[in-house]
Amino acid sequence: MGKKDAKRRKHWVMVTSLAVLAFLFISCVATKIIYDSQFPRYERPDEAVSASLRYSDLDKDYPRSIVHFQSGNNTLQGYLYGDEPATALMVVAHGLGGGADSYLAQIRHFVDSGFLVFAYDCTGSYDSEGTSTKGFAQAVLDLHAALAYLESQPRFAALPRLLFGHSWGGYAVATVLSYDHDITAVVSVSGANSAMDITVEQAKQMMGPFALVQYPFLWLYQHLLFGKTASLDAVSAINAADIPVLIIHGIQDDLVDYNGSAIIAFKDEISNPKVRYITATKEGRNGHNNLFRTDEAIASIDQVNKEYRLFFDSFEGTIPYERKKAFYRAIDREVVNALDPALMEGIDGFLQEALSSLQEGNG
């Protein structure tokens with residue numbers, strides 16, 4: 001090889017090395033920016049311009065006490081509902097973008113079922129501390145902290161523990177079984193199997209096939225944020241726990257793909273014989289959020305949306321705040337937030353069977 005060829009080769013090696021380093025640097029920076037942007041802080045919404053149930057709608061009949069506990073460097077706010085004596089303590093884990101009050105309908109249902117109910121705002125959500133929600137695995141760490149707090153309270157020592165979670169919370173209630181907590185039964189709704197599964201799935205929606213090139217950077221960043229918790233998955237946790245788990249998922253879920261990142265997509269790998277499944281298939285009630293709703297609720301929501309569009313257009317997109325409040329004040333919140341009786345009866349039956357089995361085992 002001549003000096004000219006050696007010099008040319010050295011030049012291309014240098015150019016290639018610089019290109020690789022530039023790619024690595026840009027990928028790392030881009031991964032952090034995009035990932036962090038998906039997990040901002042979520043403040044409590046203005047209840048006056050929302051159709052969701054408000055605690056002020058329920059406070060007279062469902063009093064609650066507020067508590068605080070630590071998750072990492074942040075203080076989280078929790079809410080305890082129900083009267084004693086109770087048959088169990090139900091812990092409710094909320095979805096990303098919401099808070100504990102996003103599930104007031106479910107909380108009320110479980111209180112009416114005779115449970116004490118503990119719900120909480122995750123890191124970076126509503127009334128809890130945190131400048132952001134940080135990442136998908138944070139839901140597991142917050143639930144782990146919530147359970148540790150409850151275990152430190154003697155008044156709850158004799159109560160069986162039940163877990164209910166939806167979406168982010170659905171992933172958390174199943175995956176937290178990797179930790180050493182005494183849980184009697186779990187209801188996981190619309191949950192993803194792992195942080196990587198859902199992260200890559202959503203990255204593909206944003207970036208297409210290029211997301212696979214970014215996989216190592218996503219994996220590394222999540223592990224830098226969460227350590228071994230980022231590697232935990234629901235299927236392994238469910239199999240190891242060997243307790244009753246009810247997995248519910250909508251077949252047309254557009255956020256956690258039924259055949260993709262969803263826990264239910266891995267049912268062939270679930271060996272726990274105590275696992276049960278419900279697939280929501282009815283049109284209009286088989287998605288990510290609408291599977292909880294009644295037909296009347298969905299029809300009412302559709303009508304509200306049509307009326308709001310006309311209302312919005314009549315003000316050319318700028319609705320005075322007082323007029324907007326008046327619009328939402330006229331909505332029947334009980335109707336639009338009504339829970340599907342068949343789904344809730346299925347959940348109730350599963351939980352009662354689990355509690356009965358526990359009593360028989362202790363008898």
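Strand 3 (residues 89–93) and strand 4 (residues 116–120) pair in the parallel sense over four bridges; pairing requires at least two DSSP bridges between two strands. Within this pair, methionine 90 lies opposite valine 117 of strand 4. Strands (E, at least two residues) and helices (H or I, at least four) are DSSP runs numbered from the N terminus.

The model is predicted, so that local features need pLDDT of at least 70 and side-chain atom pairs count only at pLDDT 80 or more, while totals for chains, interfaces and linings use all residues. Residues are numbered from 1 along each chain as its sequence is written, and side-chain values use heavy atoms, with hydrogens and water left out.

Angles run from 0 to 180 degrees between N-to-C directions, with axes fitted to C-alpha atoms, for helices over the stretch in contact.

| Helix 3 (residues 104–112) | strands 1, 2, 3, 4 and 5 | about 160° with strand 4 |

Leucine 339 is placed in the loop between helix 12 (333–336) and helix 13. Leucine 339 counts as buried because its relative accessibility is 19%, the class being defined as under 20% relative accessible area, with exposed over 50% and partly exposed in between (1.4 Å probe, protein chains only). Beyond its neighbours within four places in sequence, leucine 339 contacts Ala105, Gln106, His109, Phe292, Thr294 and Met344. The C-alpha atoms of leucine 339 and threonine 294 are separated by 5.9 Å, although the two are 45 residues apart along the chain.

Methods. Contact = heavy atoms within 4.5 Å.
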